[in-house]
Amino acid sequence: MKKLTMMAAVACALAGTLGAATTEDCWYPCAKMANHWPGEPERRLVWSLESGIDEKGDWEATAKYLKENGYTDVIVRLARGGIAFYESKVVPVSPLVKEQGDLLRKAVAACHKYGIKIHAWKVFWRLNMAPQDYVDKAIKDGRVMYGRSMTPFCSVWQAPDGTVLKGEKNDYWLCPQDKRNQDEEIAVMKEMAELGVDGLHFDYIRYNAWYGCYCPNCKKRYEAKTGRACPDWPKSVDPMERLDATWLKMRADAITTVVKRTIEEVRKVRPDIEFSAAVFPAADEHVYHAQEWRTWCREGILDFVCPMSYCRDREELRMQIVPMIHTASESPKTRIYPSVGVSFSGAKRTVKTAEEVRDHASIIRWAGFPGMCYYILDSKTKAALAK
Ligand SMILES: [Zn+2]
């Protein structure tokens, strides 16, 4: 009985996913997508860190490789919280620029020479690469996220007593609801747009989990919104204590506001530019990480999203991308380019073989998506990512 119930649930889920009022096998989920975006040539994107394929800032070699191996676009990490890998007037400039030159300008010039589109990848909020004095000042000015112990939050997880369980030095995050932080992050996006990139790519455009930010200003904002004082803060909104829909929605609204404000500001100077985001694939991201990316797709706010469907296992990839067909078919403007993970970090860094990479790409192609994004191009993955 239990088994039957589960099968019925799966059948219903599939019927919903594929948009058909039937539980029959559907040979061509891709047909629905083809009707949606007829005749669109496949787009092949790849993420790269600021220093390119050889990690030495050789953008001529990187762009040449991309052209020779059939890539259409590259998404280049050019700024993080409190730091830029180009001559920025908004945030501190990384010492790497002294050694390797202005990596944004070099990448734009080389990519355009080879006909590759370049998207500036911006990591929002995270300060773990920012200079020490920047981080110290952000803490002093009350601009960073507070954790459950009501102290500046460091690391991806904090125990209830405030102990840091894992993480790294200075891994503080800027509070996403603080307008000073929003303004600075938007100014960096606008600055990069004015330097000639073809697109802007939002990354970490979310919270780090469903805890926080509990800073004194977020408390004030919540009290103003609900009209009630919260002497037991942050227990009144901490998901480990109780689930508060108003609070969770305030977090998601803050993130969506930053996306919309960025687009509005940038369009004033670059109406032609593309906007995209790296997003988490799970069904509950709008709550857990406050990332309402499916709404962004349906409303056509972005040009494309790259769900981070990285996995070693092809079965896992299939399970992750099939539900995205539903979102894609309801999104008239925004394209979805699922990702193929090539390199996996950890104690033992591993890289997929070229055959595995092709196999995973073929699963995405079969499902009907008009492109895919590979993670990540560097000296260790370039052989597996070659044609
Ligand atoms: Zn806050």
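**Figure 1. A salt bridge joins Glu60 and Lys113.** In this predicted model, the closest N and O atoms of Glu60 and Lys113 are 2.9 Å apart. A salt bridge here is a side-chain nitrogen of Lys or Arg within 4 Å of a carboxyl oxygen of Asp or Glu. Glu60 lies in helix α3 (residues 59–68) and Lys113 in helix α5 (residues 103–113), so the pair ties together parts that are 53 residues apart in sequence. Helices (H or I, at least four residues) and strands (E, at least two) are DSSP runs, numbered from the N terminus. Glu60 is partly exposed, at 33% relative accessibility. Lys113 is exposed, at 57%. Buried means under 20% relative accessible area, exposed over 50%, and partly exposed in between (1.4 Å probe, protein chains only).

Residues are numbered from 1 along each chain as its sequence is written. Because the model is predicted, local features need pLDDT of at least 70 and side-chain atom pairs count only at pLDDT 80 or more, while totals for chains, interfaces and linings use all residues; side-chain values use heavy atoms, with hydrogens and water left out.

**Figure 2. Arg43 and Glu274 form a salt bridge.** Their closest N and O atoms are 2.5 Å apart. Arg43 is in strand β1 and Glu274 in strand β8 (residues 274–279), so this pair links distant parts of the chain, 231 residues apart. Arg43 is buried, at 13% relative accessibility. Glu274 is buried too, at 15%.

**Figure 3. Arg143 pairs with Glu184 in a salt bridge.** Here the closest N and O atoms are 3.4 Å apart. Arg143 sits in the loop between α6 (132–140) and β5 (157–158), and Glu184 in helix α7 (residues 179–193). The two are 41 residues apart in sequence. Arg143 is buried at 12% relative accessibility, and Glu184 at 14%. The whole structure holds 31 salt bridges. Arg314, Glu315, Arg318 and Asp359 are linked in a network of them.

**Figure 4. Trp47 and Tyr310 form an edge-to-face aromatic pair.** Their centres are 6.1 Å apart, with 80° between the planes. Trp47 lies in strand β1 (residues 43–48), and Tyr310 in the loop between β9 (304–307) and α12 (314–329). The pair links distant parts of the chain, 263 residues apart. Trp47 is buried, at 1% relative accessibility; Tyr310 is partly exposed, at 26%. Rings of Phe, Tyr and Trp (its six-membered ring) pair if their centres lie within 6.5 Å; planes under 30 degrees apart count as stacked, over 60 as edge-to-face and the rest as tilted.

**Figure 5. Tyr214, Tyr222, Trp233 and Trp247 form one aromatic cluster.** Within it, Tyr214 and Trp233 pair edge-to-face, 6.1 Å centre to centre and 85° between the planes. Tyr214 lies in the loop between β7 (199–203) and α8 (216–226), Trp233 in the loop between α8 and α9 (245–269). Both Tyr214 and Trp233 are buried. The structure holds 15 aromatic pairs.

**Figure 6. Two arginines sit over tyrosine rings.** Arg44 lies over the face of Tyr71, 4.3 Å from the ring centre. The charged end of Arg251 sits over the ring of Tyr207, 4.3 Å from its centre. A charge counts as over a ring if NZ of Lys or CZ of Arg is within 6 Å of the ring centre and within 35 degrees of the ring normal.
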